[in-house]
Amino acid sequence: MKKQPPSFRTPLGRVRGLGSAHHGSGHWLAMRLTSLALIPLSLYVASTFMNVLAFGGYVDAVAWLQSPFAVTLLILFLLATLHHAANGLQVVIEDYVHCEAVKFASVFGIKFFAAALAVLGVLSIVKILFWSLLPHA
Amino acid sequence: MTTPSAKQARPLSPHLSVYKPQMSSVLSIFHRATGVALAAGVPVLVAWIVAVAAGPDIYALFTGLFHNIVGQILLFGWSFSFFYHFWAGIRHLVWDAGWFLHKKGMAQTGWFVVGITAISTLATWAKIWGLWS
């Protein structure tokens, strides 16, 4: 184990996990990187989605989700958004929820839910994408 | 912190109720509120993708849920939240770069965000309602 610099924290404080967990800078950087990525991605997805919803029908939705280039952007958008949203909600929960058990359960619940949405979204997109390759009823 | 009982039922600073709403605090809480609203919209977007994958009947059923006043208000709210969070997020990135990071810059960029959010949201809905092509 690496030698730690001298600490003023009490052993009790350290064992309870209070104070800095040294994850703050990684969290901060991830929010900035996902927000930078989401500037072009969210504009693309929002404008295309609005066009399909307001002026198109089912056929246009399928056509959108069958273009590999569009689907690449949509999957990147979905993953960056879920990461950004889960981390953002984590900060909101940590600010307002003071019961440790509820805080812990809701932060992890949101992260699991985000992971499930990512898998569900990507698999549904892949299913639509494969209609153009495979014959279907 | 001394003992667990010492942190119970203490008044928490800041005492929000004594502050007059100001541009800095109001725009900040709007950024947070619109972020939460958009996060709530992500499962709906995924549900839309699932509905496309489920076929035309399920798709018609799902999009039909939004063809009423409640659905339209939800979509309007999400479009407003998107544009507000988009522009205010860029404002935060600009601050992170060290630009406009003073009282005057706060007010200038704040009014810019309010104005461009209104323009973006109204232009989007003007297009949807066929007011411009």
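**Reading the contact of chains A and B**

Reader: Which side chains meet in a salt bridge of 2.8 Å, N to O?

Author: The side chains of Asp96(B) and Arg32(A) do, at 2.8 Å from N to O. Side chains of opposite charge can pair when their charged atoms come close. The rule asks for a side-chain nitrogen of Lys or Arg within 4 Å of a carboxyl oxygen of Asp or Glu. This is a predicted model, in which local features need pLDDT of at least 70 and side-chain atom pairs count only at pLDDT 80 or more, while totals for chains, interfaces and linings use all residues. Residues are numbered from 1 along each chain as its sequence is written, chains are lettered from A and ligands numbered from 1 in the order in which they are written, and side-chain values use heavy atoms, with hydrogens and water left out.

Reader: How many salt bridges does the structure hold over all chains, and how many lie across the interface of chain B and chain A?

Author: Over all chains there are 3. Asp96(B) sits in helix α3 of chain B and Arg32(A) in helix α2 of chain A, so this pair joins two chains. Across the interface of chain B and chain A, 2 are found.

Reader: How much area do chain B and chain A bury between them?

Author: Buried area is the accessible area (1.4 Å probe) that two parts lose on being put together, summed over both. Here the two chains bury about 2900 Å², with 82% of it on carbon and sulfur atoms. Arg32(B), Trp48(B) and Ile49(B) supply 19% of what chain B buries against chain A, more than any other three residues. Contact (heavy atoms within 4.5 Å) takes in 44 residues from chain A and 29 residues from chain B.

Reader: Which element gives the most to the side of chain B that touches chain A?

Author: Helices here are DSSP runs (H or I, at least four residues), numbered from the N terminus. Those of chain B that give two or more residues to this side are α1 (23-54), α2 (56-64), α3 (69-96) and α4 (103-128). The most comes from α1(B), with 13 residues.

Reader: How do α2(A) and α4(B) pack?

Author: Two packed helices are described by the angle between their axes and the distance between the axes. Axes are lines fitted to C-alpha atoms over the stretch in contact, and angles run from 0 to 180 degrees between N-to-C directions. Helix α2 (residues 24-55) of chain A packs with α4(B) at about 35 degrees, their axes 10 Å apart. Met50(A), Ala54(A) and Phe55(A) meet Thr124(B), Lys127(B) and Ile128(B).
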